[in-house]
Amino acid sequence: MTELEMLTPQNSAIALVDYQPAMYQGVQSHDRLVVFNNIQILAKAAKLFSIPTIISTIAKDSFSGPFMPEVTELFPMHEVIDRTAMNAWLDPNFRKAVAGTGRKKIVIAGLWTEACVMFPTLDMLKAGYEIYIPADACGDISPEAHNRAMDRGVQAGAIPITSLQYVFELQQDWARSETYEGVMSIMREHTPYGIQVRFSKWALGEHASEGGLKAAE
């Protein structure tokens, strides 16, 4: 089963959908700051590990506003695919971008879970893609709406993950020195564990490393 293969920088791509002001206004399933931080965790991990990344908006100029700059500034050369369809898979430019990654494992995160995440998930599953949904980086108008959408996705074959699980699955080994400090930076900036990271650096010095002394050198 390919679903048992972990996500890697070589086998996966990520689509970030509709993190726009109008869509954030409707989020009541999570603390919006939690979603705001978790989408940055995903985007920064994708940048760090050179994951093919698709960014898409809905009605950017006529209703919903621009994609959050904290993400788009990480990918200044990326075209942001603007759509009218709630279901991104109905947009030919989005489909072309997904196919262009050459990957079958696709992580999808977006606002809102019940439509802009769930609709392309169902269609992409039918098209033969494996879909992974970082539930804590998505949001909806109520906990019920978010949870039922996640249930539907899982029942259809999507795989639920979390934002930090995504990072850890890509890193795998703290001794992977080329991405270690980048991961630590993400942790410091966007997670409670960042407090521990800062403390360890303070208490043990700059050689403090979860990858051991060799990784710290």
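Visitor: In which helix is Ser177 found?

Guide: Ser177 is found in helix H9, where helices (H or I, at least four residues) and strands (E, at least two) are DSSP runs numbered from the N terminus. The model is a predicted one, in which local features need pLDDT of at least 70 and side-chain atom pairs pLDDT 80 or more, whereas totals for chains, interfaces and linings use all residues. Residues are numbered from 1 along each chain as its sequence is written, and side-chain values use heavy atoms, without hydrogens and water.

Visitor: Is Ser177 buried, exposed or partly exposed?

Guide: Burial is read from the relative accessible area (buried under 20%, exposed over 50%, partly exposed in between; 1.4 Å probe, protein chains only). Ser177 has a relative accessible area of 45%, so Ser177 is partly exposed. In sequence Ser177 and Gly211 are 34 residues apart, while in space their C-alpha atoms are 7.9 Å apart.

Visitor: How many residues has H9, and what does H9 reach from its first C-alpha to its last?

Guide: The expected span of a helix is 1.5 Å times one less than its number of residues. H9 has 14 residues and reaches 21 Å from its first C-alpha to its last, which is close to the 20 Å expected.

Visitor: Which residues of H9 are buried, and what do they pack against?

Guide: The buried residues in H9 are Thr179, Tyr180, Val183, Met184, Ile186, Met187 and His190. Seen down the axis of H9, these residues fall within an arc of 155°, so they line one face of the helix; the arc is that of the directions from the helix axis to the C-beta atoms. The buried residues of H9 pack against H2, helix H8 (163–171) and H10, and contact means heavy atoms within 4.5 Å.

Visitor: How are two packed helices described?

Guide: Two packed helices are described by the angle between their axes and by the distance between those axes. Axes are lines fitted to C-alpha atoms (for helices over the stretch in contact), and angles run from 0 to 180 degrees between N-to-C directions. Angles under 35 degrees count as roughly parallel, over 145 as roughly antiparallel, 65 to 115 as roughly perpendicular and the rest as oblique.

Visitor: At what angle do H2 and H9 pack, and which residues meet there?

Guide: Helix H2 (residues 32–48) and H9 pack at about 170°, with their axes 10 Å apart, and that makes H2 roughly antiparallel to H9. From H2, Asn37, Gln40, Ile41, Lys44, Ala45 and Leu48 meet Thr179, Gly182, Val183, Ile186, Glu189 and His190 of H9. By class, this contact of H2 with H9 has 5 nonpolar, 5 polar and 2 charged residues, where Ala, Val, Leu, Ile, Met, Phe, Trp, Tyr, Cys and Pro count as nonpolar, Asp, Glu, Lys and Arg as charged, and the others, Gly among them, as polar.

Visitor: At what angle do the axes of H9 and H10 cross?

Guide: The axes of H9 (residues 177–190) and helix H10 (residues 193–204) cross at roughly 120° and come within 7 Å, which makes H9 oblique to H10. Glu181, Met184, Met187 and Arg188 in H9 meet Tyr193, Gly194, Val197, Arg198 and Lys201 in H10. The residues of this contact of H9 with H10 divide into 4 nonpolar, 1 polar and 4 charged.

Visitor: Which residues of H7 are buried, and what covers them?

Guide: In H7 (residues 143–156), which has 14 residues and reaches 20 Å from its first C-alpha to its last, the buried residues are Ala145, His146, Ala149, Met150 and Gly153. Seen down the axis of H7, they fall within an arc of 125°, so they line one face of the helix. What covers them includes helix H6 (113–126), strand S5 (130–134) and strand S6 (159–161). H7 is followed by Gly157, whose phi is positive, near 120°.

Visitor: Where does Asp18 lie, and what is the phi of Asp18?

Guide: Asp18 lies in the loop between strand S1 (12–17) and helix H1 (21–25). Although Asp18 is not a glycine, its phi is positive, about 65°, and Asp18 counts as buried at 0% relative accessibility. Ala59, in the loop between strand S2 (53–58) and helix H3 (60–64), likewise has a positive phi, near 45°.

Visitor: Where is Ala88 found, and which residues does Ala88 touch?

Guide: Ala88 is found in the loop between strand S3 (80–83) and helix H5 (92–101), and Ala88 is buried, with a relative accessible area of 0%. Not counting residues up to four places away in sequence, Ala88 touches Arg83, Phe94 and Pro120. Ala88 and Pro120 are 32 residues apart in sequence, yet 5.8 Å apart in space, C-alpha to C-alpha.
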